[in-house]
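Here are some notes for a first look at this structure. Please keep the view open while reading.

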Amino acid sequence: VDIVALLLKQEGIEVNKVEREGGATPLIIAAWKGRSEVVKVLLEAGADSSVKSNSWGTALETAKKRGETQIVKILTEHMAKSPTTLQMKKTNTTAV
């Protein structure tokens with residue numbers, strides 16, 4: 001976790017960088033691997049929880065599929081605080 005936090009402080013690091021093959025972001029990979037502390041650090045660094053990979057879906061969908069209940073809770077709470085989520089609730093629309 002400390003290494004991830006340190007790396008995220010480096011200039012030019014893209015917290016939402018997408019893998020070429022699967023389209024997963026670091027947040028999706030952390031959710032898949034069950035790394036709740038890394039998920040927290042990535043979210044604090046501005047990771048976009050709405051990004052979908054080609055095969056796993058969003059980080060939240062991935063965590064649900066993998067049975068990672070703590071990560072599901074972290075992501076759900078984060079999304080509830082997200083301006084995008086709040087805006088969507090107000091306008092009653094869904095993200096594309």
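1. Start with a definition. A salt bridge is a side-chain nitrogen of Lys or Arg within 4 Å of a carboxyl oxygen of Asp or Glu. Keep in mind that this is a predicted model.

2. The structure holds one salt bridge. Glu37 forms it with Lys40. Their closest N and O atoms are 3.3 Å apart, so the pair falls within the 4 Å limit. Side chains of opposite charge can pair when their charged atoms come close.

3. Where do Glu37 and Lys40 lie? Both are in helix H3, three residues apart, about one turn of the helix. Glu37 is partly exposed, at 40% relative accessibility. Lys40 is also partly exposed, with a relative accessible area of 31%.

4. Other parts of H3 are buried. The buried residues are Ser36, Val38, Val39, Val41, Leu42 and Leu43. After H3 comes Gly46, with a positive phi near 100°.

5. Now turn to helix H5, residues 69-81. H5 has 13 residues and, at 1.5 Å a residue, should span 18 Å. The end C-alpha atoms of H5 are 19 Å apart, which agrees.

6. Which residues of H5 are buried? They are Ile71, Val72, Ile74 and Leu75. These residues cover an arc of only 165° around the axis, so they sit on the same side of H5. The face turned away from that buried side carries the exposed residues Thr69, Lys73 and Lys81.

7. What covers the buried residues of H5? The cover includes helix H2 (26-33), helix H3 (36-44) and helix H4 (59-66).

Methods:
Residues are numbered from 1 along each chain as its sequence is written. This is a predicted model: local features need pLDDT of at least 70, side-chain atom pairs count only at pLDDT 80 or more; totals for chains, interfaces and linings use all residues. Side-chain values use heavy atoms; hydrogens and water are left out. Helices (H or I, at least four residues) and strands (E, at least two) are DSSP runs, numbered from the N terminus. The expected span of a helix is 1.5 Å times one less than its number of residues. Buried means under 20% relative accessible area, exposed over 50%, partly exposed in between (1.4 Å probe, protein chains only). The arc is that of the directions from the helix axis to the C-beta atoms. Contact means heavy atoms within 4.5 Å.
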